[in-house]
Amino acid sequence: MSGVTLHNAIKKYGETQVIHGIDLEIEHGEFCVFVGPSGCGKSTLLRMVAGLEETSGGTIHIGDRDVTHAEPSDRGVAMVFQTYALYPHMSVEENMGFGLKMNGVPKAEIKEKVARASAILQLDDYLKRKPKALSGGQRQRVAIGRAIVRGPDVFLFDEPLSNLDAELRVDMRVEIARLHNEIGATMIYVTHDQVEAMTLADKIVVLRAGRIEQVGSPISLYNDPDNKFVAGFIGSPAMNFLRGVVTHGKLSVPALGSELLDAPVTLPPNGTEVFVGLRPQILSTTAAPDSPITLDIREHLGGVSYDYLTTPTKERIVVETRGGDETPEKTGLSLQFDTSDMILFDAKSEARIR
Ligand code: ADP
């Protein structure tokens, strides 16, 4: 069994601490995605698991082996980078088999392993080509193939799709998901793209400034975020946040007019400032000539449309609608939603009010 366990993992560069005591359990066979904004420490954490960065404190286990200070080659991991790092003078076949060749694995065995990886990744027609004669997506498949032939316990992916154009990214995302289904190995995948995280992960780890904000399945993070950061990061378009204040045991939300709203949870004391979180998917608009909410732009995506609204308090709101082929009203709109779908956050701590 080869899950990965981090206990109080710390990384310092000189005096600067960038990873602040991460505790995390990744099960054997799990697809775990580290996600967060640029600079939050996700690559550093992955490289610590790989052994490419020294761990300054705490421990890392792969299966039941303590690998905290083990050499990368002794950890049973294989890494796939954003830059494919292929040898330009070697064919696809040679690139994929090179690691095994260096380890003295017999030729016949290398051939068999390369053939198996090539079949999984549909590279059979390209085995004799050099990397320069391949598209970006094919090169990334070769890089993944090279990882597969090594038969690692754990696959580590560092933003592997960032260099590909949008369409290819979607294709490769599906291929990586298929690969995981097929070989069932433990995989850790770093991305700043929450759509990749949502679509690939069994478990998402949301990082910010070297700390874990929340760990959970994609759906649990989407439906049940612990704080405003996670709520705003997971989900597309992002969750809307309106300022509000607890008044007479209800919610006053100036953007929506003077009516007090019933809250779906026990509210903190009167006067507490809050953010009211509203997913674009739970909102709709109706014409209400007296309402000062206006529509700035409607984006058509085919099956759905996004309406970009401005409230009288100058807060912006995105509403997702189905269809949307009729000409929309531009002014005098009122926002409709079920108050039980509101998600509330304390304005100061940004923690969820449950
Ligand atoms: P991410 O992958 O989330 O974009 P990184 O893991 O690359 O973030 O970086 C995390 C933090 O560590 C950043 O603030 C970055 O500036 C810092 N960092 C990364 N490498 C070094 C280094 N060699 N020396 C000092 N700071 C570094």
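E53 is buried, with a relative accessible area of 17%. The cut-off for buried is under 20%, so E53 falls on the buried side. The residue sits in the loop between α1 and β4 (57–62). The side chain of E53 makes a polar contact of 3.3 Å with the side chain of Y13. This is a predicted model, and the values here are computed from it.

Y13 also belongs to the residues around the ligand. A polar side-chain atom of Y13 lies 3.4 Å from a ligand nitrogen atom.

## The ligand shell

By class, the shell holds 4 nonpolar, 5 polar and 1 charged residues. Helix α1 (residues 42–50) gives the largest share, 3 residues.

An N or O atom in the side chain of K42 is 2.9 Å from a ligand oxygen atom. For T44, a polar side-chain atom lies 2.5 Å from an oxygen atom of the ligand. The ligand taken alone exposes 570 Å², and the protein buries 55% of that.

## Overall build

The protein has 8 helices and 20 strands. Its C-alpha trace spans about 80 × 50 × 35 Å along the principal axes. Of the 354 residues in the protein, 49% are buried.

## Aromatic pairs

A pair of aromatic rings is described by the distance of the centres and the angle of the planes. How many aromatic pairs does the model hold? The count comes to 7. One of them joins F31 and Y189: the ring centres are 5.7 Å apart and the planes meet at 45 degrees, so the pair is tilted. F31 lies in strand β3 (residues 31–35) and Y189 in strand β8 (residues 186–191), so this pair ties together parts 158 residues apart in sequence. Both partners are buried: F31 has a relative accessible area of 1%, and Y189 has 0%.

F155 and F157 form a stacked pair, with 6.3 Å from centre to centre and 10 degrees between the planes. F155 and F157 are buried. Together, F31, F155, F157 and Y189 make one aromatic cluster.

## Charges over rings

Where does the charged end of R279 sit? It is over the ring of Y222, at 4.0 Å from the ring centre. K228 lies over the face of F241, 4.8 Å from the centre of that ring.

The peptide bond from S236 to P237 is cis, with omega near -10 degrees. S236 lies in the loop between α8 (228–233) and β11 (240–247). P237 is found in that loop as well, between α8 and β11. At 46% relative accessibility, S236 counts as partly exposed. S236 and D165 are 71 residues apart along the chain, and their C-alpha atoms are separated by 19 Å.

A85 has a phi near 55 degrees, a positive value in a residue other than glycine. The residue is in the loop between β6 (77–80) and α2 (92–102). With 47% relative accessibility, A85 is partly exposed.

E350 also has a positive phi, near 65 degrees, and is a residue other than glycine. Its place is the loop between β19 (343–346) and β20 (352–353). Is E350 buried or partly exposed? The relative accessible area of E350 is 24%, so it counts as partly exposed.

## E182 on helix α5

E182 lies in helix α5 (residues 166–183). Its relative accessible area is 51%, and the cut-off for exposed is over 50%, so E182 counts as exposed. E182 and N163 are 19 residues apart in sequence. In space, their C-alpha atoms are 25 Å apart.

Terms used:
Residues are numbered from 1 along each chain as its sequence is written. This is a predicted model: local features need pLDDT of at least 70, side-chain atom pairs count only at pLDDT 80 or more; totals for chains, interfaces and linings use all residues. Side-chain values use heavy atoms; hydrogens and water are left out. Rings of Phe, Tyr and Trp (its six-membered ring) pair if their centres lie within 6.5 Å; planes under 30 degrees apart count as stacked, over 60 as edge-to-face and the rest as tilted. Helices (H or I, at least four residues) and strands (E, at least two) are DSSP runs, numbered from the N terminus. Buried means under 20% relative accessible area, exposed over 50%, partly exposed in between (1.4 Å probe, protein chains only). A charge sits over a ring if NZ of Lys or CZ of Arg is within 6 Å of the ring centre and within 35 degrees of the ring normal. A residue is near a molecule or strand if one of its heavy atoms lies within 4 Å of it. A polar contact is a pair of N or O atoms within 3.5 Å; within protein, one must be able to donate a hydrogen and the other to accept it, and residues adjacent in sequence count only if both atoms are side-chain atoms. Accessible areas come from the Shrake-Rupley method with a 1.4 Å probe; for residues, only the protein chains shown count as cover. Ala, Val, Leu, Ile, Met, Phe, Trp, Tyr, Cys and Pro count as nonpolar, Asp, Glu, Lys and Arg as charged, and the others, Gly among them, as polar.
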